[in-house]
Amino acid sequence: MRTMKTLCLLACIVASVCAAPNQKQMSNQELKPSKWLTSHELESTPGLDEMSLERLENMSVDKGAKLLRKLYHVAHIDDELRPSFVPSASNIPVAIMKPNGQKIETKLNNLVSKAKELPEFGDDEVTIFITGLPQTSPTITKATKKLVKAYMQRYNLQQQQKDSQQPRNKDNEYSSSEETSDEWKSAKTNSGDLVIIDLGATLTNFKRYALLDIEETGDMLGKVLVRLADEADVPHEIIHIVAQGIASHVAGAAGNQFTQQTGHKLRRITALDPSKILAKHENTLTGLARGDAEFVDAIHTSAYGMGTTIRVGDVDFYPNGPSDGVPGAENVVEAAMRATRYYAESVRPGNERNFPAVPANSLKQYKQNNGFGKRTYMGIDVDYDLEGDYILQVDAKCPFGQRATAKKQTSYHGMHQA
Ligand SMILES: *[C@@H]1O[C@H](CO)[C@@H](O)[C@H](O)[C@H]1NC(C)=O
């Protein structure tokens, strides 16, 4: 859509203005990174070898975002940064979470045979969560844990509701003061299986992250999903991939591969802050896009930082509008992880409607046009029949959703105006 193109262009121009303050007028000719980055800045842009997540986590959101934009532009100056890293399936850790909270740990090459050993696997829905960064910092680990825990709560809810009729079990591993409200007791959920594919574990340094071959890795994963459907009798209609950052694009390529081989589409792909893509094959379109599953949704929380402003789905959510990072995040890595936190919050039974959103092109427009267009909910309960860009406001601290807007929209906005 035109809006998003404009946003991307804007991002470029913003980057260029920061880089070359004297260069006010830009013709298309001049929109080449080599023109807008001064030679000093080109020289001071770190090489991939010098980059690390830790470095990004040590920087403020705007500094980290600026650095990533520079890297991105430098990578695209001559369009010759080619992907070169493909993890082997036997190196990608996988965990199948059983309803009782037990974990079956294996590697991606053995996922299908392990799933076949579980008689009830694939009877309800199957959620495949793919990590996009190594679990190297508390921010990343926490986001991943929250998501896994939320799904475990969701998928075991019926059992928990039954248990709650009986005297409360003190050791109930699913309850914590932060995460229990009374609403879950009456919430309706599906049961299902959660599979965690820890792709992030193979991205042991920034270079691997930057040079990950999205297409090849996605093809490999797609083939595993085809076998899962064929050999473990998991219908494609119940497969939902939830993927972080760069893994969103891998999920897109996997969905594509699945469709090529079977003629069917996966049910849904949810992208949690889909990343910028640094390395691309020549003359190849790459990255998650609408059509890679029946329904594709995305939550962009670091659009100008780790993430991308480019729309990747049927529905793209921009909490607080496209930005370097969402409120409360202290660095770009944390901002990127917020997408996982928001989504996890919506997965927790009773919280499905914590993130009401409306179609808009900017936060300003969202605030001025109180509730135009069709409202939907960011997260697990999004309407599958929508498309477009959606904006909402989020809080800086957990719980992040401002669910009140759903109930008391007018007075809410009334209160916050001026
Ligand atoms: C990040 O900050 C920590 C604590 O100040 C420091 O020990 C570490 O060396 C820094 N790492 C990088 C890559 O700058």
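**Reading local features in a predicted model**

Author: At 58% relative accessibility, Asp233 counts as exposed. The model discussed here is predicted.

Reader: Which value does phi of Asn320 take, and is Asn320 buried or exposed?

Author: Asn320, likewise a residue other than glycine, has a positive phi near 60°. Its place is the loop between strand 8 (315-319) and helix 12 (332-347). Buried means under 20% relative accessible area, and Asn320 counts as buried because its relative accessibility is 19%.

Reader: How are aromatic pairs to be read, and how many does the structure hold?

Author: Two rings pair if their centres lie within 6.5 Å; planes under 30 degrees apart count as stacked, over 60 as edge-to-face, and the rest as tilted. The structure holds 7 aromatic pairs. One of them joins Tyr151 and Tyr155, with 5.4 Å centre to centre and 45° between the planes, a tilted arrangement. Both residues belong to helix 7 (residues 138-155), where they are 4 residues apart, about one turn of the helix. Tyr151 and Tyr155 are both buried.

Reader: Why is the pair of Phe317 and Tyr390 tilted, and which parts of the chain does it link?

Author: The planes of Phe317 and Tyr390 stand at 50°, with the ring centres 5.7 Å apart, so this pair is tilted. It links distant parts of the chain, since Phe317 is in strand 8 and Tyr390 in strand 11, 73 residues apart. Phe317 is buried, with a relative accessible area of 0%, and Tyr390 is buried as well, at 2%.

Reader: Which residues do ring pairs link into a cluster?

Author: The cluster consists of Tyr151, Tyr155 and Tyr343, linked by ring pairs.

Reader: Which residues gather in a patch of negative charge on the surface?

Author: The members of this negative surface patch are Asp78, Asp79, Glu80 and Glu282. Asp78 lies in the loop between helix 5 (61-76) and strand 1 (93-97). The relative accessible area of Asp78 is 52%, so this residue is exposed.

Conventions: Residues numbered from 1 in each chain as written. Predicted model: local features only at pLDDT ≥ 70, side-chain atom pairs only at ≥ 80, totals over all residues. Heavy atoms only, no water. Patch = residues over 30% accessible without salt bridge, like charges linked within 9 Å, V, L, I, M, F, W, Y side chains within 5 Å. Areas by Shrake-Rupley, 256 points an atom, 1.4 Å probe, with all protein chains shown as cover. Salt bridge = Lys/Arg side-chain N within 4 Å of Asp/Glu carboxyl O. Lys, Arg positive; Asp, Glu negative; His and termini not counted. Charge placed at Lys NZ, Arg CZ, Asp CG, Glu CD. Helix = DSSP H or I, 4+ residues; strand = E, 2+ residues; numbered from the N terminus. Buried < 20%, exposed > 50% of the residue type's maximum accessible area, 1.4 Å probe, protein only. Phe/Tyr/Trp six-rings, centres within 6.5 Å; stacked < 30°, edge-to-face > 60°.
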